Amino acid sequence: MPAAPPTSTDPLVALADRCVQCGLCLPACPTYARDHLEAESPRGRIAIARGLALGSIAPSVAGDAHLDHCLACRSCEAVCPAGVEYGALISLQRSRQRARRPLRALQRITEALAAHPRQLTALLRLYRWTFPLLPVAMRRLPRPPAAPRGRPPKPLPATTTTPAPRGNVPAVGTHPPSTSTFLADAPSVALFAGCAGRGFEAPLRAQFGALCHALGYRVVDAPGQTCCGTLHRHAGDADTATRLAADNARALSGIDHVLTLASGCHEAVAASVGTDGRAEDALAFLARHLDRLEWAPCPDRVAVHLPCSQRNVVRSTPALRRLLDAVPGLQALELTAGTGCCGAAGTAMLEDPARAAGYRQPLLDQLASCGATRLLSANLGCRLHLAGGTTIPVEHPLEFLLRLARIKNPPPASP
């Protein structure tokens, strides 16, 4: 009998060999649900990647297209009984694809802007100013909100007569007044801004910073923070993703709590700051303080989109449900049409808008028929993509919740 072939030392093959080809991932996969092709399923892509790594199949346009279509939603990973690390596998495979074929111009520009948040913020500011003048075809993203100006947000109203801290409540990016002695030794909090979040989430960061201050935390700036690198890693640019992670590790060192607003950023931020639990999803952070909060009644019906990154990676869905359940009278309806994936997938909504819109449409149809007055989604890319297909307001759950929150027991006033 011929000798067995030598065991491969290729890390991609090792990741692929954990797949037992059971097919339990198929119902969870958005691309398989769309095309009903084995090559558009997780196990099909694993087989393609393994064949390329072993040299048993040659690279091809068709094979690359099947790999490119993956949304990296990791729904397959969440249901896999064999524990296949599909996210790591597809990132490694895309690094190899990137090394052997030219990078598309739009991808190159998008990655460059994300890696330089200041320039991206300036471009988004220009986009905001010119938005009313642009033809509809050029409005690929919703109009960014105006940046907070002037005085920082007012502290959340209290439901007791205990005096709130004196002085202005600092927004994120400022340091609290030195006269507030109750904050002198308080744990520090920084809100991760990321790349596009600097322009699109600035008002939310200011409001959430005010809440953290009212809860007794010391809100601090982290001026050296940059893009989380998720966009780059998903596109196979591991070197840039590693460099950005190192920059964030330095900028966020020494901060007690690093809070992420976008679920798509969380895993990368958590990895950059270490395994000591300092990074926390902002929804989970707020849910931990539910005993300090009361809520104004709200008889509205809202629709909730659960991003793939929130469901499959961050796992903050239970925290969000607890927060929404705490609001008296609120009806929250979760959108589950299709596979629940909106198709934004990093730059996919920009590079292949027609295909991305196909994943989004079942969710929009469900939204239109459920009678909701607004749509909540905890990932920035998902909100931008969903907002492009509906006139119903789309916002972060925290934007909605902060309008209803009241502090029960403010910290004592400084002497």
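## Close-up views of a predicted model

**View 1. Arginine 96 pairs with aspartate 10 in a salt bridge.** The closest N and O atoms of arginine 96 and aspartate 10 are 2.7 Å apart. Arginine 96 belongs to helix H6, while aspartate 10 sits in the segment before helix H1 (11–16), so the pair ties together parts that are 86 residues apart in sequence. Aspartate 10 counts as buried, at 16% relative accessibility. Arginine 96 is partly exposed, with a relative accessible area of 31%. The model is predicted.

**View 2. Arginine 98 and aspartate 237 form a salt bridge.** Here the closest N and O atoms are 3.6 Å apart. Arginine 98 lies in helix H6; aspartate 237 is in the loop between helix H11 (230–234) and helix H12 (238–251), so the contact ties together parts that are 139 residues apart in sequence. Arginine 98 is partly exposed, at 23% relative accessible area. Aspartate 237 is buried, at 12%.

**View 3. Glutamate 280 meets arginine 288 in a salt bridge.** The N to O distance is 2.8 Å. Glutamate 280 has a relative accessible area of 15% and is buried. Arginine 288 has 45% and is partly exposed.

**View 4. Shared partners build a salt-bridge network.** Across the whole structure, a search finds 23 salt bridges.

**View 5. Helix H3 packs against helix H6.** H3 covers residues 42–54 and H6 covers residues 86–100. Their axes are 11 Å apart, at an angle of about 45°. That angle makes H3 oblique to H6. The crossing of H3 and H6 is left-handed.

**View 6. Helix H4 crosses helix H6.** H4 spans residues 61–68. The axes of H4 and H6 come within 11 Å and cross at roughly 140°. H4 is therefore oblique to H6, since only angles over 145 degrees count as roughly antiparallel. The crossing of H4 and H6 is left-handed.

**View 7. Leu123, Leu126 and Trp129 make a nonpolar surface patch.** The patch has an area of about 340 Å². Leucine 126 is placed in helix H8, which runs over residues 117–130. Leucine 126 is partly exposed, with a relative accessible area of 43%.

Technical notes. Residues are numbered from 1 along each chain as its sequence is written. This is a predicted model: local features need pLDDT of at least 70, side-chain atom pairs count only at pLDDT 80 or more; totals for chains, interfaces and linings use all residues. Side-chain values use heavy atoms; hydrogens and water are left out. Patches are made of residues with over 30% relative accessible area and no salt bridge: like charges are joined within 9 Å, nonpolar side chains (Val, Leu, Ile, Met, Phe, Trp, Tyr) within 5 Å. Accessible areas come from the Shrake-Rupley method with a 1.4 Å probe; for residues, only the protein chains shown count as cover. A salt bridge is a side-chain nitrogen of Lys or Arg within 4 Å of a carboxyl oxygen of Asp or Glu. Helices (H or I, at least four residues) and strands (E, at least two) are DSSP runs, numbered from the N terminus. Buried means under 20% relative accessible area, exposed over 50%, partly exposed in between (1.4 Å probe, protein chains only). Axes are lines fitted to C-alpha atoms, for helices over the stretch in contact, and angles run from 0 to 180 degrees between N-to-C directions. Angles under 35 degrees count as roughly parallel, over 145 as roughly antiparallel, 65 to 115 as roughly perpendicular and the rest as oblique. A crossing is left-handed if the near helix is turned anticlockwise from the far one by less than a right angle, and right-handed if clockwise.
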